[in-house]
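Subject: Structure for you to look at

Dear colleague,

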Amino acid sequence: MLAQLQRNTRYPPQAGHARGVATVTFKIDRSGHVLSSRVVQSSGSAVLDEEALATIKRAEPLPLPPADIPDAQLATINVPIRYGAQ
């Protein structure tokens, strides 16, 4: 999943030279589609934070959760999305 997110990460030109890490939390369904997402720790740049959320949507569908995990236990996933040299 992380590799798929990295392939879909873009640096927005309007961010100038901003650097940071936006931590995004999201939940997926059985088909790998994002049900909800939000920034839980800002990168310090609103532009980078918005792009981090766009990265999650752009990467859909994400890898499917293992079949042996019951729907009630599908967890929310937290990932850091890095911009610039970190």
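I begin with Thr25, which is buried, with a relative accessible area of 7%; buried here means under 20% relative accessible area, exposed over 50%, and partly exposed in between, using a 1.4 Å probe and protein chains only. Before going further, please keep in mind that this is a predicted model, in which local features need pLDDT of at least 70 and side-chain atom pairs count only at pLDDT 80 or more, while totals for chains, interfaces and linings use all residues. Residues are numbered from 1 along each chain as its sequence is written, and side-chain values use heavy atoms, with hydrogens and water left out.

Thr25 lies in strand β1, where helices (H or I, at least four residues) and strands (E, at least two) are DSSP runs numbered from the N terminus. What does the side chain of Thr25 reach or join? It reaches the backbone oxygen of Ile77 at 3.5 Å, and a polar contact of 2.8 Å joins it to the side chain of Asn78. A polar contact is a pair of N or O atoms within 3.5 Å; within protein, one must be able to donate a hydrogen and the other to accept it, and residues adjacent in sequence count only if both atoms are side-chain atoms.

Turning to the sheet, it is open and has 3 strands in the order β2-β1-β3, with antiparallel pairing; two strands pair if DSSP finds at least two bridges between them. The edge strands are β2 (34-41) and β3, each of which pairs on one side only. Between β1 and β3 there are 7 bridges, with Phe26 opposite Ile77 and Thr23 opposite Pro80. β1 and β2 pair over 6 bridges, and Lys27 stands opposite Ser36 in β2. These two strands, β1 and β2, form a hairpin with 5 residues between them, and Gly32 in the turn has a positive phi of about 85°. Because 7 of the 9 residues of β1 are buried, this strand is largely enclosed by the rest of the structure.

The helix α2 lies across β1, β2 and β3, running at about 125° to β3; axes are lines fitted to C-alpha atoms, for helices over the stretch in contact (heavy atoms within 4.5 Å), and angles run from 0 to 180 degrees between N-to-C directions. The buried residues of α2 are Leu48, Asp49, Glu51, Ala52, Leu53, Thr55 and Ile56, and what covers them includes α1 (2-7), β1, β2 and β3.

Finally, the largest nonpolar core has 16 residues, and those with the most contacts inside it are Leu5, Val24, Phe26, Ile56, Leu62 and Ile81. Such a core is a set of buried Ala, Val, Leu, Ile, Met, Phe, Trp, Tyr and Cys residues joined through side-chain atoms within 4.5 Å. The elements that give two or more residues to this core are β1 (20-28), α2 (46-58) and β3 (77-83). Leaving aside neighbours within four places in sequence, Ile56 is in contact with Leu5, Val24, Phe26, Val34, Val79 and Ile81.

With best wishes
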